[in-house]
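Hi everyone, thanks for coming. Please have a look at the sequence and the model on the screen, and then I'll walk you through it.

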Amino acid sequence: MTDNFYRYIGRMKPENTKEVLEEYNFANPGHKSHAWKSVRYNDLRSTVISMLCEQSCVLLGTQDLLIKNPEIFVERHHIEITKDSSSVGRFGIHTDDDGPAGGPCQSILYYYNIDENITDSQLNFYRRSPTYFNFIPVCNNHIACSFQPVTGDVVTFHNGIWHCPGNYKTESETPVLRGVIAIFIKHHIEHKPIRQIDRCCLIM
């Protein structure tokens with residue numbers, strides 16, 4: 001069942017995480033989320049991100065995607081919560097083609113830190129888009145499967161997969177960290193040539 005929604009890449013070592021966070025460091029220490037400008041796959045500086053793209057494509061059977069030297073988008077979410085934190089502003093149920101890639105893409109989620117004091121930190125996958133009642137998504141009965149990450153875990157999935165993080169929370173009064181690096185491999189879109197109309201055909 002899970003293979004229809006996501007594939008597990010593996011658990012990264014602390015030195016892998018150190019390299020990635022040094023590459024994708026917040027310019028402003030006050031920032032908690034940031035999306036970097038896209039780069040082409042062949043121009044990636046991080047060997048870890050490059051390796052994850054390769055492993056993602058092998059697991060999903062999309063090796064041809066990298067041959068076209070696609071755009072790679074990286075987004076980081078460094079969320080510290082306490083017992084009194086609000087859930088306002090968190091991700092709802094979505095597909096990633098509405099994200100930084102701005103179109104069809106393959107997704108990789110790298111959980112670089114999941115504090116053990118955080119509960120309901122799973123990633124839920126859905127069979128179809130949510131229905132709404134008074135603008136609130138009603139979808140628990142549509143959950144197909146869930147993935148419970150721990151620090152270092154990486155998963156990947158195809159374009160068009162509906163998903164949403166759990167309603168993560170903690171009983172800790174001091175801040176605890178939920179850190180995620182999201183990587184999006186944009187699909188190559190073939191643009192059809194515009195048909196040229198002979199001007200003589202416009203004469204009535």
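Let me start with a question: leaving aside its neighbours within four places in sequence, which residues is Ser38 in contact with? They are Glu71, Ile72 and Phe73. Before I go on, please keep in mind that this is a predicted model. Ser38 itself sits in the loop that runs between β2 (33-35) and β3 (39-40). With Glu71 there is also a polar contact between the side chains, at 2.8 Å.

Glu71 takes us to a strand, because β4 covers residues 71-81. β4 pairs with β14 in the antiparallel sense, over ten bridges.

Now the cores. The largest nonpolar core has 23 residues, and those touching the most other members are Leu52, Cys53, Ile72, Ile108, Tyr110, Ile183 and Ile185. Two or more residues each come from α2 (47-60), α3 (64-67), β4, β5 and β14. Which element gives the most? That is α2, with five residues. Take Leu52: beyond its neighbours within four places in sequence, Leu52 is in contact with Ile9, Met12, Ile108, Tyr110, Val154 and Ile183. There is a second, separate core of 19 residues, and among its members are Leu109, Leu123, Cys145 and Phe147.

Three strands make an open, antiparallel sheet in the order β10-β7-β12. β10 (143-147) and β12 (162-165) are the edge strands, each pairing on one side only. On average, and ignoring direction, neighbouring strands here are turned by 25 degrees against each other. β7 and β10 are joined by four bridges, and Asn124 has Ser146 in β10 as its bridge partner.

Finally, the aromatics. How many aromatic pairs does the structure hold? Six. Tyr6 and Phe125 form a stacked one, at 5.0 Å centre to centre with 20 degrees between the planes. Tyr6 lies in the segment before β1 (7-11) and Phe125 in β7 (residues 123-126), so this pair ties together parts that are 119 residues apart in sequence. Tyr6 counts as buried at 10% relative accessibility, and Phe125 is buried too, at 0%.

Phe26 and Trp36 are also stacked, at 6.3 Å centre to centre and 15 degrees between the planes. Phe26 is in the loop between α1 (14-23) and β2, and Trp36 in the loop between β2 and β3, so the parts tied together are ten residues apart in sequence. Phe26 is buried, with a relative accessible area of 10%.

One last item: Tyr6, Tyr8, Phe125, Phe147 and Phe157 form one aromatic cluster. Phe147 is also a member of that second core.

Methods:
Residues numbered from 1 in each chain as written. Predicted model: local features only at pLDDT ≥ 70, side-chain atom pairs only at ≥ 80, totals over all residues. Heavy atoms only, no water. Pairing = 2+ DSSP bridges. Polar contact = N/O pair within 3.5 Å; in protein donor to acceptor, adjacent residues only side chain to side chain. Contact = heavy atoms within 4.5 Å. Phe/Tyr/Trp six-rings, centres within 6.5 Å; stacked < 30°, edge-to-face > 60°. Buried < 20%, exposed > 50% of the residue type's maximum accessible area, 1.4 Å probe, protein only. Axes fitted to C-alpha atoms, helices over the stretch in contact; angles between N-to-C directions. Core = buried A, V, L, I, M, F, W, Y, C linked by side-chain atoms within 4.5 Å.
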